[in-house]
Amino acid sequence: MYGLSWRRLCSIFCCPPRLNRIIAKLAFHPPEPTYTLREIEAPAAQDLAQDKQVDPTVSLPPVCNLQLSEGANWPHSQQKLDAVEMFRCTTKRGNSLACMYVRCVPGSRYTLLYSHDCAVDLGKICSRYLALGSKIKCNIFSYDYSGYGVSSGKQSEKNAYADIEAAWHALRTRYGVPAENIILYGESIGTAPTVDLATRYQCAAVILHAPLMSGVRMVYPNVRRTYCWDAFTNIDKISKVTCPVLIFHGTEDKVVDFCHGLTLYERCPNAVKPLWVEGGRHTDLYKHKQYLVRLQKFISQELPNI
């Protein structure tokens with residue numbers, strides 16, 4: 001996206017017939033699907049919820065068997081893979097969404113609703129979910145955006161907002177997780193639906209991993225106003241988020257410049273102490289020791305006392 005002229009930028013964002021298609025091309029880069037789903041018999045709501053309070057009369061979509069391709073890079077046992085629960089839900093825009101529940105720590109207080117970055121699907125990232133959740137003592141619920149993995153539809157800003165809302169309701173309905181025990185976690189482009197949802201629903205906290213200010217500011221970070229044709233406008237929404245917000249960003253991020261995370265931190269009224277990873281790049285923050293240390297401290301020590 002870097003190096004675009006204003007004329008080119010206007011041609012991208014000011015053509016309503018092409019807007020969604022071009023924004024999707026710039027913002028989303030779905031890989032070839034790395035998994036398939038096969039529906040199996042749906043268990044009772046009580047079995048899915050385990051120790052959660054779920055209405056047993058609720059009609060739930062059937063669970064699915066997850067089958068990974070070689071591109072998924074699953075280094076764990078088949079037994080651990082069988083513990084990953086998959087199902088589909090439907091968004092208000094009519095798309096079928098693939099959802100994943102990684103039960104890392106049964107009985108954990110918090111569940112992360114994780115919106116992943118633009119270059120992976122659930123098959124590629126599920127092994128990282130298992131490792132992360134086990135270390136921070138949280139379960140992880142995630143979903144594939146429309147047009148990713150086996151989710152239907154096309155990638156677009158509106159679909160992304162509808163996707164996370166459907167995932168939110170699926171997590172609360174299927175597993176009975178109360179809003180105050182849900183932490184919204186957004187990575188890169190996933191910070192846009194995360195922030196949007198956080199302005200409309202109360203939750204325990206928000207974690208933003210390499211967040212962007214807006215689509216236009218990805219090209220021109222110093223733009224001082226938001227134009228009507230801009231997209232993913234976290235910079236205008238972050239002040240409306242009322243729960244605690246933790247921001248991570250690498251100082252050497254070449255995809256979403258460090259100034260994005262810094263500006264959002266300065267504009268967020270409920271931000272906690274952020275983590276600026278010296279030398280951190282866009283795709284390697286989770287490999288830095290201080291990332292995990294900060295995340296563990298926030299979830300286990302700070303959040304319960306806020």
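The side chains of Asp-121 and Thr-34 are joined by a polar contact of 2.6 Å (N or O atoms within 3.5 Å, one able to donate a hydrogen and the other to accept it; residues adjacent in sequence count only if both atoms are side-chain atoms). The model is predicted: local features need pLDDT of at least 70, side-chain atom pairs count only at pLDDT 80 or more, and totals for chains, interfaces and linings use all residues. Residues are numbered from 1 along each chain as its sequence is written, and side-chain values use heavy atoms, with hydrogens and water left out.

Asp-121 sits in the loop between strand S5 (111-115) and helix H5 (122-136). Helices (H or I, at least four residues) and strands (E, at least two) are DSSP runs, numbered from the N terminus. Asp-121 is buried (under 20% relative accessible area, 1.4 Å probe, protein chains only). Leaving out residues up to four places away in sequence, Asp-121 touches Pro-31, Glu-32, Pro-33, Thr-34, Tyr-35, His-116, Asp-144 and Gly-149 (heavy atoms within 4.5 Å).

Met-218 lies in helix H8 (residues 215-219). Met-218 counts as buried because its relative accessibility is 11%. Met-218 and His-260 are 42 residues apart in sequence, with 8.4 Å between their C-alpha atoms.

The protein has eleven helices and ten strands. Of its 306 residues, 55% count as buried.

How values were computed: Buried < 20%, exposed > 50% of the residue type's maximum accessible area, 1.4 Å probe, protein only. Lys, Arg positive; Asp, Glu negative; His and termini not counted. Salt bridge = Lys/Arg side-chain N within 4 Å of Asp/Glu carboxyl O.
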